[in-house]
Amino acid sequence: MIDLNKYKGKLFAHRGMHNNEDIPENSILAFEKAKRFNYPIELDIQLTKDEILVVFHDYNLERMTGLDSNLNNFSLEALRELNLLNTNEKIPTLNEVLKLIDGKVPIDIEIKPTKNFKETCNILLEELFNYNGEIIISSFSPKIIKYMKMHSTYNCGLLIKKLSGSKFYDKISKSKLPLIYSHADFVAISKKLINKYKSKLPIFVWTITDKEELKTDEYIYICNNLPYEKDL
């Protein structure tokens with residue numbers, strides 16, 4: 001377990017330091033740059049058809065590769081044929097990213113909600129077994145956070161969306177029930193909820209895009225468009 005209070009006021013590089021032009025999000029280039037600037041990294045993981053953990057945000061491949069199909073329909077070998085945006089960057093495996101970072105900066109691993117969440121979590125735990133760097137786990141799924149809390153000692157946090165328009169979801173999101181159920185160690189909220197959500201747990205705020213949105217050192221920030229902390 002990590003004392004998350006030491007992250008307060010810190011900026012995490014959202015999907016690495018990318019611009020989605022020559023440096024795509026969740027790419028080796030984006031993670032190399034974050035590591036070089038000494039930023040903690042936030043990234044997303046999913047399972048391929050052949051049960052390899054890769055680092056990719058969307059369920060569908062179209063936005064980042066031009067192929068209108070879901071990632072989990074493909075093997076890793078097939079995914080290697082695709083480029084990220086108009087670059088030569090490929091979708092990396094989690095193992096490749098862990099070897100690259102090598103404990104030099106903390107990593108926030110977001111587990112995408114999935115029906116196969118136990119399988120995903122178990123494979124993740126296997127890959128992290130010999131990793132010595134600082135790892136925290138996050139997810140929108142209380143079931144995933146609860147499972148990871150039961151089977152690991154990692155700090156695990158629940159992601160809370162911006163208000164959805166659904167009275168039921170919004171009521172549940174603002175309640176403490178998901179936190180109680182999941183035994184979360186922290187919460188990560190949309191920046192649109194800063195004035196609407198309170199918690200005694202450490203709070204991560206996403207996704208910050210400029211320094212004007214850095215409200216207080218009491219929060220931990222997931223950021224795009226880095227670096228800009230030099231101007232604070």
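Reader: Which exposed residues does the face of H6 turned away from its buried side carry?

Author: The model is predicted: local features need pLDDT of at least 70, side-chain atom pairs count only at pLDDT 80 or more, and totals for chains, interfaces and linings use all residues. Residues are numbered from 1 along each chain as its sequence is written, and side-chain values use heavy atoms, with hydrogens and water left out. Helices (H or I, at least four residues) and strands (E, at least two) are DSSP runs numbered from the N terminus, while buried means under 20% relative accessible area, exposed over 50% and partly exposed in between (1.4 Å probe, protein chains only). On the face of H6 turned away from its buried side, the exposed residues are Lys143 and Met150.

Reader: Why do the buried residues of H6 line one face of the helix?

Author: Helix H6 spans residues 142-151, and its buried residues are Ile144, Ile145, Tyr147 and Met148. Seen down the axis of H6, these buried residues line one face because they fall within an arc (taken over the directions from the helix axis to the C-beta atoms) of 165°.

Reader: Which strands and helices do the buried residues of H6 pack against?

Author: Contact here means heavy atoms within 4.5 Å. By that rule the partners of the buried residues of H6 are strand S4 (107-111), helix H5 (117-128), strand S5 (135-139), strand S6 (155-160) and helix H8 (177-182).

Reader: What is the geometry of the ring pair Phe117 and Tyr147?

Author: Rings of Phe, Tyr and Trp (its six-membered ring) pair if their centres lie within 6.5 Å; planes under 30 degrees apart count as stacked, over 60 as edge-to-face and the rest as tilted. Phe117 in helix H5 and Tyr147 in helix H6 are 30 residues apart, and both are buried. Their ring centres are 6.0 Å apart and their planes at 90°, so the pair is edge-to-face.

Reader: How many residues apart in sequence are the parts tied together by Phe12 and Phe204?

Author: The ring centres of Phe12 and Phe204 are 5.6 Å apart with planes at 70°, so this pair is edge-to-face. Phe12 is buried at 0% relative accessibility, and Phe204 is buried at 1%. Phe12 lies in strand S1 (residues 11-14) and Phe204 in strand S8 (residues 203-208), so the parts they tie together are apart in sequence by 192 residues.

Reader: How far from Cys121 is the nearest cysteine sulfur?

Author: A disulfide is a pair of cysteine sulfur atoms within 2.5 Å, and the structure holds zero of them. Cys121 is buried, with a relative accessible area of 0%, and Cys156 is buried at 0% as well. The sulfur nearest to that of Cys121 belongs to Cys156, at a distance of 8.6 Å.

Reader: Which side chain of opposite charge is nearest to Glu42?

Author: Lys and Arg count as positive and Asp and Glu as negative, with His and the chain ends not counted; a salt bridge is a side-chain nitrogen of Lys or Arg within 4 Å of a carboxyl oxygen of Asp or Glu. Glu42 lies in strand S2 (residues 41-47). Glu42 is buried yet has no salt bridge, and at 4.8 Å its nearest side chain of opposite charge is Arg15.

Reader: With which residue does the side chain of Arg15 meet in a salt bridge?

Author: Arg15 is buried at 12% relative accessibility. Salt bridges that share partners join Arg15, Glu25, Asp44, Asp58 and Arg63 into one network. At 3.0 Å, N to O, the side chain of Arg15 meets that of Glu25.
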